[in-house]
Amino acid sequence: MAGRYDYIIDQGRTWRRWIELYQDRAETVPVPLTDFTAKLEIARVVTIDGVETTEEVLSLTTENGGITITGGAGKIEWIAEDADTADLEGEYFYELFIVNTLGESTSIMKGLIQVSPASAD
């Protein structure tokens, strides 16, 4: 079961976070993520012709450089650059997946993202 964590991020600012996955409660044995890939999908609910649907607005992956996995340490780090968050406003939801070498994906965490409007600098 995926963990839940909500974020507040600033519009037009870099959003960088990481998580470390462990096999034990004492957090001494990292989950071996060598050869895994990951993807973080950010989406929102939109209404099209009276029907609610989801619209993906940003996808961070190991393939596009938005996510880095340190396999032996069980660490997953993601970064959305200033340009990635510039057009975001309001509330979104996200889900982070890891994908093994067989192509099987596992949801690690998900939640809401509230984007604070850009301030005039």
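A charge is taken to sit over a ring if NZ of Lys or CZ of Arg is within 6 Å of the ring centre and within 35 degrees of the ring normal. The model shown is predicted.

Select Lys-75 and Trp-18: Lys-75 lies over the face of Trp-18, at 5.0 Å from the ring centre.

Next, select Lys-39 together with Phe-97 and Glu-41. Lys-39 is placed over the face of Phe-97, 5.3 Å from the ring centre. The side chain of Lys-39 also meets that of Glu-41 in a salt bridge, at 3.9 Å from N to O. Lys-39 is partly exposed at 27% relative accessibility, and Glu-41 is partly exposed at 26%.

The structure has four salt bridges in total. For another of them, select Glu-55 and Arg-44, whose side chains meet at 2.8 Å, N to O. This pair links distant parts of the chain, with Glu-55 in strand 5 (residues 51–61) and Arg-44 in strand 4 (residues 37–48), eleven residues apart. Then select Asp-6 and Arg-4, where the closest N and O atoms of the salt bridge are 3.2 Å apart. Asp-6 is partly exposed, at 40%, whereas Arg-4 is exposed, at 57%.

Turn now to the aromatic residues. The whole structure contains five aromatic pairs. Select Tyr-7 and Trp-78, an edge-to-face pair with 6.5 Å centre to centre and 85° between the planes. Tyr-7 belongs to strand 2 (residues 7–10) and Trp-78 to strand 7 (residues 75–80), so the pair ties together parts 71 residues apart in sequence. Tyr-7 is buried at 9% relative accessibility, and Trp-78 is buried at 0%.

How values were computed:
Residues numbered from 1 in each chain as written. Predicted model: local features only at pLDDT ≥ 70, side-chain atom pairs only at ≥ 80, totals over all residues. Heavy atoms only, no water. Phe/Tyr/Trp six-rings, centres within 6.5 Å; stacked < 30°, edge-to-face > 60°. Helix = DSSP H or I, 4+ residues; strand = E, 2+ residues; numbered from the N terminus. Buried < 20%, exposed > 50% of the residue type's maximum accessible area, 1.4 Å probe, protein only.
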